[in-house]
Amino acid sequence: MPSPPQNSSSSTNLDEKTWKSAPLLMLMLVLPVVTFITTYAISLSNGKQQYPYLFLSVSIESKPASCIGTFGLSLTCLLAPFLAFIRYSYVRKEIQSQLGADHDDYEKVKLWNRRNLYLAIFAGIGGHGVSSFQSTTEEGGSKALVGIHLIFATWFFFGGSSYCFVSHWLDKKLPDLGTAKERMWRKLFCYGTLAQFFTICVFFPFIVFFFGASDEMIAIMSFVEITMLGTFMSTYITFIDEFKNMSYRIMVFRTDRHYSLHETDPATNNFM
């Protein structure tokens, strides 16, 4: 977030007032991997999950796996939009420096950078819904609960695939945004997640509705769902080098002073 003006006496303490972004990004990337390794291990070992129903959601249907899944996925879905906001701020600066206010696409690119942040928030809410409304078959489960779960799952994957697509679109508009390798991977993740979303949310439901589903098809659907989550989350991997050079500061602004996790001088708005 933008920092208040610093004078020479306070700037020496700048490192004490900010937090590195990269560790938070690494936490967000590692957390879902650890969560699902744990939930799959528990669900497979106690017989709550069996072939061919290897879906991510089935691994978090029953306790204690459901408790671990809800905790890990909800925290991931909180971190992802926050990290998307940090990158949104970075890209906003890049739009200014690479295009400038006089460029024909300046306002359009600014608008889609902001919309991409909204897509990350949208996906985060959907993911939180998935973890909260498990499609459980245990006592208390119902078709309505399964329906809510599927709506949130579609919501999450639509937001995630759209975030990948717009991130790639921004690359095309900002030729110096990231390295050539990072841009190449974002392009791959963009088209990969769109193909996976169409497959899991359109093609397979159509086949199942009209022709039914074999065990092999259900297993393939499970695999596509797992890889789709990996593709969406892998887009954030391409941000690692950018985040190594970024820090963030949490502040609350009021007309008479600035508040932060560290005390500020109301007369100068400088850190004490």
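Which residues lie nearest the centre of the largest pocket? In this predicted model, local features require pLDDT of at least 70 and side-chain atom pairs count only at pLDDT 80 or more, whereas totals for chains, interfaces and linings use all residues. Residues are numbered from 1 along each chain as its sequence is written, and side-chain values use heavy atoms, with hydrogens and water left out.

The residues nearest the pocket centre are F55, S57, H149, L150 and E225, within a lining of 40 residues. Two or more lining residues come from each of α2, α3, α4, α5, α6 and α7 (helices being DSSP runs of H or I, at least four residues, numbered from the N terminus). The pocket is an open set of points on a 1 Å grid over the protein atoms alone, where a 1.4 Å probe fits, with protein on both sides within 12 Å along at least five of seven lines; lining residues have an atom within 4 Å of a point. About 970 Å³ of space lies in this pocket, the volume being that filled by probe spheres set on the points, which are joined across faces, edges and corners.

Helix α8 contains E242, which is buried at a relative accessible area of 7% (buried means under 20%, with a 1.4 Å probe and protein chains only). Its side chain makes a polar contact with that of R87 at 2.8 Å (a pair of N or O atoms within 3.5 Å, one able to donate a hydrogen and the other to accept it; residues adjacent in sequence count only if both atoms are side-chain atoms). Beyond neighbours within four places in sequence, E242 is in contact (heavy atoms within 4.5 Å) with R87, Y90, L177, G178 and R186. With the same exclusion, Y163 contacts A84, N116, L119, A120, F232, Y236 and F239.

Conventions
Buried means under 20% relative accessible area, exposed over 50%, partly exposed in between (1.4 Å probe, protein chains only).
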